[in-house]
Amino acid sequence: MPPRIRREPPARRDARIRKHLAQAKDYWLKAPLELAQGDVCQAGEEGWGTVAQLTKSVATLRSWEHYDHVAIQEAVTALISELPEQAEAIDQGLSAAERLHGNFYEVFMTAERAEIAMLQVRPLLEILWDLLPEEYTGGGSFAEWAASDSS
């Protein structure tokens with residue numbers, strides 16, 4: 001099922017993409033700190049939040065709905081169809097993000113499993129990042145953006 005369409009003015013769309021990117025970066029930077037403090041529950045939610053926010057950035061750019069969990073899954077599933085050569089990385093990244101999110105509610109992961117899931121999420125984040133135009137990425141990689149001081 002293709003993502004639902006959402007229409008909005010270009011200026012609003014631009015502001016929302018930038019907001020989602022700032023939130024994604026905030027979550028991604030917090031995740032290792034939470035893990036280091038032993039808060040596997042919160043670290044996992046930061047990992048899920050990063051995936052959700054970068055997905056929302058791409059979805060907003062494409063005028064796709066993304067306001068609930070199902071819409072985020074639909075957007076990622078559409079990307080699997082669009083990018084078959086990256087389907088495995090996208091699917092594995094989404095599955096890892098879902099486990100991280102589930103851990104927030106059920107707390108079933110060890111710190112080691114959470115670290116592995118965060119590593120599995122990273123390729124999906126890089127794919128999502130690469131789908132954004134240079135006006136949002138500055139032409140840099142996901143790693144450069146995540147390591148920089150500004151959003």
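Tutor: The expected span of a helix is 1.5 Å times one less than its number of residues. In this predicted model, α4 has 20 residues, and its first and last C-alpha atoms lie 28 Å apart, close to the expected 28 Å. After α4 comes Val-107, whose phi is positive, near 50°.

The buried residues of α4 are Ala-87, Ile-90, Gly-93, Leu-94, Ala-96, Ala-97, Leu-100, His-101 and Asn-103. An α-helix has 3.6 residues a turn, so residues three or four places apart point the same way. The cover over the buried residues of α4 includes α2, α3 and α5.

Buried in α3 are Ala-71, Ile-72, Glu-74, Ala-75, Val-76, Ala-78 and Leu-79, and what covers them includes α2, α4 and α5.

The other two neighbours, α2 and α5, also pack against each other, at an angle of about 10° and with axes 10 Å apart. Angles under 35 degrees count as roughly parallel, and α2 and α5 are therefore roughly parallel to each other. Their contact has 13 nonpolar, 3 polar and no charged residues. Among the residues that meet there are Val-51, Leu-54 and Val-58 in α2 and Val-121, Leu-125 and Trp-129 in α5.

Definitions and conventions
Residues are numbered from 1 along each chain as its sequence is written. This is a predicted model: local features need pLDDT of at least 70, side-chain atom pairs count only at pLDDT 80 or more; totals for chains, interfaces and linings use all residues. Side-chain values use heavy atoms; hydrogens and water are left out. Buried means under 20% relative accessible area, exposed over 50%, partly exposed in between (1.4 Å probe, protein chains only). Helices (H or I, at least four residues) and strands (E, at least two) are DSSP runs, numbered from the N terminus. Contact means heavy atoms within 4.5 Å. Axes are lines fitted to C-alpha atoms, for helices over the stretch in contact, and angles run from 0 to 180 degrees between N-to-C directions. Angles under 35 degrees count as roughly parallel, over 145 as roughly antiparallel, 65 to 115 as roughly perpendicular and the rest as oblique. Ala, Val, Leu, Ile, Met, Phe, Trp, Tyr, Cys and Pro count as nonpolar, Asp, Glu, Lys and Arg as charged, and the others, Gly among them, as polar.
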